[in-house]
Amino acid sequence: MASESSPLLAYRLLGEEGTALPLNGAGAPGGASARKLSTFLGVVVPTVLSMFSIVVFLRIGFVVGHAGLLQALAMLLVAYFILALTVLSVCAIATNGAVQGGGAYFMISRTLGPEVGGSIGLMFYLANVCGCAVSLLGLVESVLDVFGADATGPSGLRVLPQGYGWNLLYGSLLLGLVGGVCTLGAGLYARASFLTFLLVSGSLASVLISFVAVGPRDIPLTPRPGPNGSSLPPRFGHFTGFNSSTLKDNLGAGYAEDYTTGAMMNFASVFAVLFNGCTGIMAGANMSGELKDPSRAIPLGTIVAVAYTFFVYVLLFFLSSFTCDRTLLQEDYGFFRAISLWPPLVLIGIYATALSASMSSLIGASRILHALARDDLFGVILAPAKVVSQGGNPWAAVLYSWGLVQLVLLAGKLNTLAAVVTVFYLVAYAAVDLSCLSLEWASAPNFRPTFSLFSWHTCLLGVASCLLMMFLISPGAAGGSLLLMGLLAALLTARGGPSSWGYVSQALLFHQVRKYLLRLDVRKDHVKFWRPQLLLLVGNPRGALPLLRLANQLKKGGLYVLGHVTLGDLDSLPSDPVQPQYGAWLSLVDRAQVKAFVDLTLSPSVRQGAQHLLRISGLESGTLLPWGFRSS
């Protein structure tokens, strides 16, 4: 019989004959061979590429142009502050024991229980699905900026027709390429990601050099239609080189209309786009089933990736503010190509990082979906996602995710999806922080993470920050996501989940009850606050329901204990006959709908048994009600 356990302890599943079977990332045969990715390839590379995504090439100008340098840096600090708090929680949970396939979902569900974990896991899955669509839409946008029929500038080739239908077709074709790589397994994905990492690093290096090496120039902007459909005169943005006047003009905010959507921008909408580009911190954790040593790789790789991306973002913000006027920043989101020493290298970087971010989101989503299906939380709906290849690759979950991404692509615009994706990620991050906070508050003796740079203060601050930013970014999306999470949790509660995972709520209740029991002092008892304390001895529970309910009415908020004496001598018996009976007695309490505790004892006589029950119940001064008692 398979046995579940808590993620707080490293464990194995027992096979039908009691032999230990190691779990791989996909939950399929393959054993340790499926765990072959190192910290760098399995965590650092995918996390860096996911956190850069399309934002690092196509939305730096958008953020700085609308928010200004000061607010842009404030947004970046807030975003990375929230991410850092979540990273601390992830590191604590990951270094406390075995982390199986499913990453964040595994951590949350095995801590908060299947109902909450399953609902948040599904929402985190949807966040990855939408994140994949956002990356693909950004890639389509960047391709059409160069090859589209409406492309501007001297380098525009104008060979690809444009329009909603054509854009959807291009996104679908790119999604097919991404899905093909992910279907072939994590090994091919890791090799493709490393190649992409090299291309992106080279492209970023060329951009940084270009800021210094390129002289001032005028850059043509996308023409806008006039009031009556007439064309307006050509407009230009200006790359001024390092100029203090340019920096001064770019310090303050200048929110304007987004030329890709026509919507008026504000702090919340710009922050949503920026934060969406930084939400890839779980990319390494999502690959937990394929990592050689996830307990070491996840915290180390994630911290390195977060520090590296933060440095690059700050550097690009400063360089853009020093060298580009606000018109260029607001009207040409792909201006890196226009100022580059060799524009094709920037294009390669844009395409590579967008493809990699979409692959990371898709393969992460498939691993979460496979873990959900393997746990059988949603029944037959996700049952096909359990199917894996001979090497343990969950190709069916990849196909599921591919189909959902295809539906999300119908949205058509990158900035349209940014707020929804950001809110979904924030819900998942808040849940990770809440999981770590619960474990820390419960003071569970088996919660001993080797990573110690966290406390309940950081966890609580992480939860509060995520919830606050959710409602600042999009109150509607935040409220809708919480409502969806509540409905999913109610559905899972109605279906029933694996109870053997353990619930941290039970540990929290024990901790609180113990704390307040220690504060009770019998020396301070007073007759004004006396409460009855009843011990009801029941011999035959089959006919005792009316008696149980009568005593329940008599207790009037006092302590009510059901007692039962089993006659016998433990020394002459092969085992304790009392322990197996507790479950049946607790079921009796549930059926009778009474608020009572249960105490059972084994004794040579009823009199001695009653004395034992009085003492172990703490009711020496209480009332003994031996009604209906018959010894067994």
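Predicted model: local features only at pLDDT ≥ 70, side-chain atom pairs only at ≥ 80, totals over all residues.
Figure 1. With neighbours within four places in sequence set aside, Ser-401 is in contact with Tyr-125, Leu-362, Ala-365, Ser-366 and Leu-369.

**Figure 2. The largest cavity and its lining.** The structure has three cavities of 30 Å³ or more. The space in the largest cavity comes to about 210 Å³. Its lining is made up of 21 residues, and those nearest the centre of the cavity are Ser-50, Asn-276, Thr-279, Ser-361 and Tyr-425. At least two lining residues come from each of helix H5 (114-147), helix H9 (267-277), helix H10 (283-286), helix H14 (343-374) and helix H16 (414-442). H5 contributes the most, with five residues. Sorted by class, the lining of the largest cavity holds 10 nonpolar and 11 polar residues, and no charged ones.

**Figure 3. The aromatic pair of Phe-40 and Phe-197.** Across the whole structure, 18 aromatic pairs are found. In the pair formed by Phe-40 and Phe-197, the ring centres are 5.8 Å apart and the planes stand at 90°, an edge-to-face arrangement. Phe-40 belongs to helix H1 (residues 39-52) and Phe-197 to helix H7 (residues 186-213), so the pair ties together parts separated by 157 residues in sequence. Phe-40 is partly exposed, at 36% relative accessibility, whereas Phe-197 is buried, with a relative accessible area of 14%.

**Figure 4. The aromatic pair of Phe-242 and Phe-322.** The rings of Phe-242 and Phe-322 form a tilted pair, with 5.9 Å from centre to centre and 50° between the planes. Phe-242 sits in the loop between strand E4 (236-239) and helix H8 (244-251), and Phe-322 in helix H11 (residues 294-323); the pair therefore ties together parts that are 80 residues apart in sequence. Phe-242 has a relative accessible area of 46% and is partly exposed. Phe-322 is also partly exposed, with a relative accessible area of 25%.

**Figure 5. A cluster of rings around Phe-52, Tyr-308, Tyr-313 and Phe-317.** The view shows four residues by name. Phe-52, Tyr-308, Tyr-313 and Phe-317 are linked into a cluster by ring pairs.

**Figure 6. Arg-59 over the ring of Phe-62.** The side chain of Arg-59 is shown together with the ring of Phe-62. Arg-59 lies over the face of this ring, at 5.9 Å from the ring centre.

Terms used. Residues numbered from 1 in each chain as written. Heavy atoms only, no water. 1 Å grid on protein atoms, 1.4 Å probe; cavity = no way out; pocket = protein on both sides within 12 Å on 5 of 7 lines; lining within 4 Å. Points joined across faces, edges and corners; volume = space filled by probe spheres on them. Helix = DSSP H or I, 4+ residues; strand = E, 2+ residues; numbered from the N terminus. Nonpolar A, V, L, I, M, F, W, Y, C, P; charged D, E, K, R; others polar. Phe/Tyr/Trp six-rings, centres within 6.5 Å; stacked < 30°, edge-to-face > 60°. Buried < 20%, exposed > 50% of the residue type's maximum accessible area, 1.4 Å probe, protein only. Lys NZ or Arg CZ within 6 Å of the ring centre and 35° of its normal. Contact = heavy atoms within 4.5 Å.
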